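User: I would like to learn how to read aromatic contacts in a model. Please take the features one by one.

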Amino acid sequence: MNEHQISRRDLLSLTGAAALAAVGLGPAAGTARAAGGLPASKLIRVEGNTGPAYFREETLHEGTVLQSLGFDNINRRLYTAQVIQGGRKLAGEPAALSGGARDLHGDLSITEWTLGADAADGSSTGRITGSMYLRGFGHGVSIGVEPSGSSTYLWTEVDAVRDEANETSRGMRLCRFKFAGSATPLDPTSPSLEKFTPVPGSVNNTASVDPVTHRLVVRYFLGGMRYRVYDLAAARAGDFTTPLAEIAEPAISIDRARFGRPSFQGYAAAGSHLYLLHGNAYGTAQDHDEDEETPELVISPPGEGNTHLTSVDLNTGRVITTFHSKAGHTLPFREPEGLAIQIPRAGDREVYRLCMGFASGETSGRRTASVYYKDSLIQP
């Protein structure tokens with residue numbers, strides 16, 4: 001693979017360090033820099049079987065695939081992000097737009113679920129209690145959720161830049177705003193937004209909130225995909241001068257002949273560990289060996305898929321474990337989309353879960369969402 005053979009879509013699918021190696025710009029191993037290092041914390045075990053679904057094939061506000069999710073662990077709410085479906089006409093628009101136009105423009109829909117009590121098997125019930133539109137923000141690769149009293153604030157990408165070649169968009173900056181259900185969309189110029197540029201010169205900025213340690217994790221591109229970790233209160237005040245940790249996104253080691261090059265689908269952090277999600281929808285085929293003489297490989301066969309979970313040391317950038325997950329393998333349509341940390345019992349930050357989102361539902365335009373989780377914690 002060289003710079004004349006790799007496409008922009010391939011670069012978006014590869015992890016940052018792997019993308020650098022692919023175009024001859026650096027090694028595949030992640031590099032790290034930390035201001036004193038993060039205290040060691042419990043590790044969520046990504047390998048092994050996954051239990052019952054937390055949610056299975058629930059309807060969201062839009063019929064598009066789930067992109068990301070996040071929990072308000074204090075007020076027991078779940079937030080999901082999607083690209084707005086085709087045929088919607090928002091306030092101030094002269095006509096309805098297609099789904100493709102929405103993706104290019106970076107138009108997102110946020111759904112709020114208020115959760116019920118967890119059942120004995122760890123599953124949950126809930127109901128949709130609100131939704132809102134974000135116009136011109138990005139693709140919704142990740143969202144950060146920050147409780148504040150009885151309110152919830154969201155951290156998302158903003159100031160979408162079109163990627164015409166890949167028919168999508170990515171946010172240039174980050175923003176923070178209070179969730180408020182409304183049919184009137186937020187625009188990048190809305191006065192209710194607080195906007196930030198954590199890393200000058202970076203692009204593809206997204207955010208995730210670590211609810212265990214009250215930190216903000218920023219993923220961005222600057223010569224490769226990278227992560228920085230900040231104190232959440234400092235970031236909220238606009239102070240990004242002292243990252244608590246910084247690493248390059250490491251390459252994952254998998255069986256390429258079987259699973260191809262899975263797309264990056266989300267991340268989350270808890271304490272001193274970062275978790276990555278890769279995979280594709282059932283039936284996805286790929287020219288995995290770049291040989292025109294060989295047929296494309298189905299890299300995500302139904303019933304098996306190519307979803308991989310990876311745990312990473314945030315102090316060193318070292319991959320701890322990469323595991324092929326078959327969680328939700330019986331879903332008729334299954335595409336991994338989003339990671340989030342849930343604290344099941346508010347106030348007990350010693351017990352937490354890694355939740356995986358899956359777009360499901362057999363019919364395009366009528367997709368649903370499923371959530372599975374890992375909750376086996378290992379002492380360092």
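User: Is F240 buried or exposed?

Analyst: Buried means under 20% relative accessible area, exposed over 50%, partly exposed in between (1.4 Å probe, protein chains only). F240 is buried, at 9%. This is a predicted model: local features need pLDDT of at least 70 and side-chain atom pairs pLDDT 80 or more, while totals for chains, interfaces and linings use all residues. Residues are numbered from 1 along each chain as its sequence is written, and side-chain values use heavy atoms, leaving out hydrogens and water.

User: How many aromatic pairs does the structure hold?

Analyst: Two rings are described by the distance of their centres and the angle of their planes. Phe, Tyr and Trp (six-membered ring) pair with centres within 6.5 Å; planes under 30 degrees apart are stacked, over 60 edge-to-face, the rest tilted. The structure holds 12 such pairs. In one of them, F137 and F177 are edge-to-face, at 6.2 Å and 85°. F137 is in the loop between β7 (126-134) and β8 (144-148), 40 residues from F177 in strand β10 (residues 168-178). Strands (E, at least two residues) and helices (H or I, at least four) are DSSP runs numbered from the N terminus. F137 is buried at 0%, and F177 is buried at 0%.

User: What is the geometry of Y230 and F240?

Analyst: Their centres are 5.0 Å apart and their planes at 85°, so the pair is edge-to-face. Y230 is in strand β14 (residues 225-231), and F240 lies 10 residues away in the loop between α4 (232-236) and β15 (245-248). Y230 is buried at 1%.
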